[in-house]
Amino acid sequence: MAKTAARRKGAAATRRLQLRYLAHARSGDKGNTANVGLIALDAEYYPLLVREVTVARVARHFKGMVNGVDRFELPNLLALNFLLHEALDGGGTISLKTDAQGKVYSTALLRMEIPVPVALARRLART
Amino acid sequence: MTGRDGRTVRIAAGQGFWGDWLEAPVRQVRGGPIDYLMMDYLAEVTMSIMQKQKSRDPSAGYARDFVPLMERILPDIVERGVRVTSNAGGVNPRGCAEAVLAVARRLGLPRKLRVGLVSGDDILGRLDELIGRGHALSDMETGRPLSDIRDRVLSANAYLGMAPIVEALRGRADVVVTGRVTDTGLTLGPIFHEFGWSPDDWDKVAAGTVAGHIIECGAQASGGNLLKGWRGVKGLADPGFPIAEASADGSFVITKHPGTGGVVSVASVTEQLVYEMGDPRSYITPDGVADFTSIQLRPAGRNRVRVSGIRGAPRTPMLKVSIAYFWGYKAVGTLVYAWPEAFDKAQAADRVLRQRLADLGLAFDQILTEFVGVDATHGRLSGPPHPDLPEVQLRVGVRAREKPPVERFTREIAPLVLTGPPSVTGFAGGRPAVEEVVAYWPALIDRREIEPHVRVEILEA
């Protein structure tokens, strides 16, 4: 429904693009929770991140790997902070994972694709 | 010195964790003007490792490498008037302070060294009394009361804030050695001491907290582990560790010494700000609550970022307590499978191993298989592997409450070499080690139970 309406307005020409072209990130741990700070590479992209990188989409992206997602906005840093619960096989010293401290959940989030206006996607593909 | 003119105080990060680059503190002291060197040694379970060492040797229980490090820099810090704040004391701050004093005596410094010793964070000996008086010390994550695991507790320490550090600096300590003082307290203490701010000026507390958070992980704020434009980060063989240049208005600049590698940029500071972040509106420390959504960053010259606008809220009546307890055992075994069909072979080996563990009737809390080169870092998000991978490392971990199944697991890895799928190597390390698992139990306690017990002493040598 929303898609059709948007298409009618002529604003919906979008292409799916990995977050790595729009953001950088760092992640860490707090117990069995990993956090990922997602930071827009340019102020222009931040509203896109806020709109498209939703809790529901991030939860779907990490389905089977985490149990519960929270999101916080930091417009002052052009950043979103995600908490990925039960992401670390118990976390800390208990975890058997290579990434027991959630250090590379950052780039795992950057694999996610979001719809991006075609013009912007083309511009980013050139860089 | 910049700090003495009343305009700015320069606090330099020397260590971001126990095991950080040993040259960093030396270069921070010698590479340019600083007023304070702060060194954070304590991660969540570090205290339990130290407690274990202390139980074997009563003189141990602190970050041992702090002492030879101080031996290298004491002459410089005395000469330059640099003061040190560090939580290297772990579960034995007195032992640590005395070791530093012994080194000072041996060096024959031009004047006496004053060491501030902060204690009172260790509540291991008070646990039963506290539980008896109704403090449940429940796990902040699970809500379970501490009584569930009381008999397995190895260490228990309250997180202290800046107050004892300010007091030690007021007592003219050259080096302040503490136990479980928060990483941010090591930076807040010097700033509040120098500017004479009131500890209930919550915006100032929040500003100092943010400064502390930015520099507490060392080079991770100045080009280390920086993802944005990582190829362009030069000189990481000699990275400049971050320095916070605090001003009396509560703003500060993050920078590094000239001539060092790495980079201080809005990107490098932002990545560190979001590291280990929870709710950005309430970053809680013993000293106050900082609102990370109020932080303003702007470039202020080459390798300089100005941080301002930070708002804070009053401290909470509770202090966090870091409790470590014995959980059980774990082991991780690895083997490397070579081309062709490396991934298929590694998967087949994993099936064989799991069948053998099952046939032996071994019970584990968890068996985790990862294929390094295929999915170890990003799990199923990695997608299907390249069909012709040159090699794959099979990595299998197990954990259990009891030792025997884990012990037996460690003897099931090497046999796969001659009894499993072919083209296998990389077992030269021998049998994997059985590790004791010490787990972390975060809890809260009324600060009035802790603060009257905190002591600051000044020792001289």
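1. Start with strand E3 (residues 33–40) of chain A in this predicted model. Since 8 of its 8 residues are buried, E3(A) is largely enclosed by the rest of the structure. Look at where the side chains go: Thr33(A), Asn35(A), Gly37(A) and Ile39(A) point one way, Ala34(A), Val36(A), Leu38(A) and Ala40(A) point the other way, and all are buried.

2. Which strands does E3(A) pair with? One is strand E2 (residues 23–30) of chain A, which runs antiparallel to E3(A) and is joined to it by 8 bridges. Within that pairing, Gly28(A) sits opposite Asn35(A). The hairpin of E2(A) and E3(A) has 2 residues between the strands, and Gly31(A) there has a positive phi near 65 degrees. Another partner is strand E5 (residues 79–84) of chain A, also antiparallel, over 6 bridges. In this case Ala34(A) faces Leu84(A).

3. Now for the nonpolar cores. The largest one has 153 residues, and those with the most contacts inside it are Leu38(A), Leu84(A), Ile11(B) and Val100(B). Why does the core lie between two domains of chain B? Because domain 1 (2–121 + 159–316) and domain 2 (324–441) both give residues to it. There's also a second, separate core of 14 residues, including Leu353(B), Phe371(B), Val392(B) and Leu416(B).

4. Val100(B) is worth a click. Leaving aside neighbours within four places in sequence, Val100(B) is in contact with Val67(B), Met70(B), Val115(B), Val175(B) and Val177(B). Val100(B) is also one of the buried residues of helix H4(B), along with Pro93(B), Gly95(B), Cys96(B), Ala97(B), Ala99(B), Leu101(B) and Ala104(B). What covers them includes helix H3 (66–80), strand E4 (114–119), strand E6 (175–177) and strand E19 (455–460) of chain B.

5. A quick check on H4 (residues 93–107) of chain B: at 1.5 Å a residue, its 15 residues should span 21 Å, and the end C-alpha atoms are 21 Å apart, so the two agree. After H4(B) comes Gly108(B), with a positive phi near 60 degrees.

6. Finally, how many residues does each chain bring to the contact? Chain B brings 42 residues and chain A brings 33. On the chain B side, helix H9 (266–273) and strands E14 (318–338), E15 (366–372), E16 (391–400) and E18 (435–446) each supply at least two residues. E18(B) gives the most, with 5 residues. By type, the chain B side divides into 21 nonpolar, 10 polar and 11 charged residues.

Note on methods
Residues numbered from 1 in each chain as written. Chains lettered and ligands numbered in written order. Predicted model: local features only at pLDDT ≥ 70, side-chain atom pairs only at ≥ 80, totals over all residues. Contact = placed C-beta atoms within 7 Å. Helix = DSSP H or I, 4+ residues; strand = E, 2+ residues; numbered from the N terminus. Nonpolar A, V, L, I, M, F, W, Y, C, P; charged D, E, K, R; others polar. Core = buried A, V, L, I, M, F, W, Y, C linked by C-beta atoms within 7 Å. Buried ≥ 20, exposed ≤ 12 C-beta atoms within 10 Å, placed from the backbone. Domains from an automatic or database assignment. Expected span 1.5 Å × (residues − 1). Pairing = 2+ DSSP bridges.
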